[in-house]
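Reader: Please take me on a close look at one part of this model, its pockets and what lines them.

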Amino acid sequence: MRTQVNTWSDTWIDAVPALPPAPLERAACLALLGFAAALQVSIAAADILLTIAVLLWLGVVIRNRERIDVPNMFWPLAAYGVATLVSTVFSIDSNISLVDSKQLVLLVIVPIAYRLFRGHRARLAVDVIITVGALSATFGIIQYLILNYDHLGRRPQGTLGLYMTYSGLLMLVTCAAVSRVMFSQHHRAWAALVLPALLLALGFTFTRSAWVGACVGVGILFLLRDFRLLGLMPIALGIFLVIAPTSLTTRLYSTFSLTDPSNADRVAMMKSGAHMIKDHPLTGVGPNMVIQVYPHYRDKSAVNQLNPHLHNVPLQIAAERGIPALIVWLWFIVTLVRDFIRRRSSSFPSLSNAGLAVIGAMLAAGLFEYNFGDSEFLMLFLVLVTLPYAAERYAD
């Protein structure tokens, strides 16, 4: 019996991804794990931990005299950054656009995660993300059931300041958790245990775009695993319609209503965005300039007098940064999809399949919300799509 216990213990220890032995690199890895965790709790804490991780990563690179390596998808992402800076130069107000372009510093997440989350550490990063997502989901459920965050005017938002950000992050974590359950050979129990909480919290947010994104992401995973699993989705929808509160089912029905004010306003924003692109096809109106020029381009059928963005990722990029920026952004997406399809039979299939799911979820939700411009969402998205590349690198 003692031998059997020791064997189980050794197996469990071997399954836990080891952190780097070198103190500086270990500290950098811990800081980046802290950043991945804090993303779903506090943007201020996440920014601080990311800054610390960057400094420690630079220390590792300098000490070891390493070359900074990046995955293939970083180059179209860098080209997107260049297109953004060009758009800033020709912006209607370059000063405002330059301040908004500071978001480009977040692209450093890719080379850092690629270096520090090698091998099994990539799986550890997903474990951390799923665990914090479960805690965040639990708090959102408490907000809905106990604290009266149960209507459109007051929706669950976790510890974050905006329900849209909260629901977007839950959507990404849900895709990662479902992929772990469906495609990982080990360490699936925890993801399966917390998955109901993630789905419940996501439902309680009333956020239709995140619902659509999660359905697309999970549907992609079902399709990749066994297309017959897609038959579960109408069953799940039927159960939702039967047991969900009326407020949630009414919100779901409103998704398909052309008379819904937010739907009508989105159609009007598409018309406004098309006119912006027509007038500024190469460089757009400039980052963060849509809100400035919207009154001039506002369609007569629009509901809101002013909109900060166009609630559609491709449309927003083209109107704000120009058609060339949209082309390189699409290059980035196509590169990710191509690489993850090739990696589906790798040693970490749950990571590559999760990558495909979060891309599908982001694109689907992004047809109704400018999620790619949300810093918290973008940071978690970049971490998740970098992990499949990092996992193939040998850990130190």
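Author: A word on classes: Ala, Val, Leu, Ile, Met, Phe, Trp, Tyr, Cys and Pro count as nonpolar, Asp, Glu, Lys and Arg as charged, and the others, Gly among them, as polar. This is a predicted model, where local features need pLDDT of at least 70, side-chain atom pairs count only at pLDDT 80 or more, and totals for chains, interfaces and linings use all residues. Residues are numbered from 1 along each chain as its sequence is written, and side-chain values use heavy atoms, without hydrogens or water.

Two or more lining residues come from each of α8 (163-183), α9 (189-204), α10 (208-225), α11 (232-243) and α12 (246-254), helices being DSSP runs (H or I, at least four residues). By class, this lining has 27 nonpolar, 2 polar and no charged residues.

The second largest pocket holds about 770 Å³. Among its 40 lining residues, M164, R266, H311, F368 and E369 are the closest to its centre. Here α8, α10 and α13 (261-279) give two or more residues each, and α13 has the largest share, with 8. This lining divides into 18 nonpolar, 15 polar and 7 charged residues.

Key
1 Å grid on protein atoms, 1.4 Å probe; cavity = no way out; pocket = protein on both sides within 12 Å on 5 of 7 lines; lining within 4 Å. Points joined across faces, edges and corners; volume = space filled by probe spheres on them.
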